[in-house]
Amino acid sequence: MNDLDALTTTRSWTRSRKPFNEDAVSAGPGWVCVVDGATPLGSDPDGNRKTSAFASRLAGAVGPGLTPGNITEHLRAALQHAQDGGQHGATATIAAAAWDGDTVATAIMGDSLILLELKSGETEDLQDPAFEGREARLLAPVIDAMAAGLAPGDAYAAAVPVLRSEREKRNTEAGVWVMSDSTAPADAAAHLSVRTFPRETVHRIAAVTDGMWRAVELFGITTPAGLLDAAQNDAVDPVLDALVQAEAADPDRSSYPRFSFADDAALAFAAL
């Protein structure tokens, strides 16, 4: 730990309404990370538990020893560790950041993201380029169908074959890439979206799963800066409570289109 790490505040939150939380977090001096597991396709009654275990094992392997210079290799090794727990068809997105006295590095795969606030006051949500706009594209036919009078349940059901096809193409040349318990770790790590920033320009940073980001992007419960304020002031729980209420107020997903009624949520925060 360097002197700057001693001055860094890190906090993390995660919440789920499933039997097993498929989001996982890791945060400490010099790093933050979130992992968002995805249950395998099919009807495995134990899929939720297996996915939760994979996500927890992956996040748990991210930590001490992670630096801006080795972020890709560190996450490759973390995935190898997670795969040692067995192969069940589980996948996950990941967003991680590491810093030292000079540099902040971020690595993202999938639809988790890094929320960065610069000392200029500007905020930027860093996303995997392969996933930018993907959710909106997949939701567009559902929204159009509901606007044309189709019942919400039928509109979402019509999208299932497309979603299934998209999932089956993951980690192939025809699809997008995510962390997986059955993909070669080196191949997965090669598809991480990595960026670096001078540490002196960064004020606050958060790794955020898409379920947490709903509070900002979908429901408008808070702003990017407001979410960082909530994290810094240890006040994320009220945001999560409001998110639960907003999801419950739109049970058919017609007012706020989304593929899952509710989602796990996780955030790992650092004030640099």
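## Ser 193 and strand S9

Leaving out residues up to four places away in sequence, Ser 193 touches Thr 106, Ala 107, Ile 108, Gln 127, Asp 128 and Pro 129, where contact means heavy atoms within 4.5 Å. Ser 193 belongs to strand S9, residues 193–198. Its relative accessibility is 16%, so Ser 193 counts as buried (buried is under 20% relative accessible area, exposed over 50%, partly exposed in between, with a 1.4 Å probe and protein chains only).

This is a predicted model, in which local features need pLDDT of at least 70 and side-chain atom pairs count only at pLDDT 80 or more, while totals for chains, interfaces and linings use all residues. Residues are numbered from 1 along each chain as its sequence is written, and side-chain values use heavy atoms, with hydrogens and water left out.

## Overall form

The chain has 9 helices and 11 strands; these are DSSP runs numbered from the N terminus, helices being H or I with at least four residues and strands E with at least two. The C-alpha trace spans about 60 × 40 × 30 Å along its principal axes.

Of the 272 residues, 49% count as buried. Among contacts between residues at least 6 apart in sequence, 72% join residues at least 24 apart. The chain exposes about 11800 Å², and carbon and sulfur atoms supply 50% of that area (Shrake-Rupley method, 1.4 Å probe; for residues, only the protein chains shown count as cover).

The largest pocket holds about 1400 Å³ of space. Of the 45 residues that line it, Asp 111, Glu 135, Asp 210, Phe 259 and Ser 260 are the closest to its centre. On a 1 Å grid over the protein atoms alone, a pocket is an open set of points with protein on both sides within 12 Å along at least five of seven lines, a cavity is a set where a 1.4 Å probe fits but cannot get out, and lining residues have an atom within 4 Å of a point. Points are joined across faces, edges and corners, and a volume is the space filled by probe spheres set on them.

Strand S3 (31–38) and helices H4 (134–147), H5 (152–168) and H7 (210–217) each supply at least two residues of the lining of the largest pocket. By class, this lining has 18 nonpolar, 9 polar and 18 charged residues (Ala, Val, Leu, Ile, Met, Phe, Trp, Tyr, Cys and Pro are nonpolar, Asp, Glu, Lys and Arg charged, and the others, Gly among them, polar). The second largest pocket has a volume of about 190 Å³. Its lining has 14 residues, and those closest to the centre are Gly 89, Thr 91, Arg 167, Glu 168 and Arg 170. That lining divides into 4 nonpolar, 7 polar and 3 charged residues.

The whole structure has 1 cavity of 30 Å³ or more. The largest cavity has a volume of about 80 Å³. Arg 15, Ser 16, Arg 17, Leu 240, Leu 243, Val 244, Glu 247, Asp 263 and Ala 265 line the largest cavity. Helix H9 (residues 236–248) gives the largest share of this lining, 4 residues.

Val 244 lies in helix H9 and is partly exposed, with a relative accessible area of 25%. Apart from neighbours within four places in sequence, Val 244 is in contact with Arg 15 and Arg 17.
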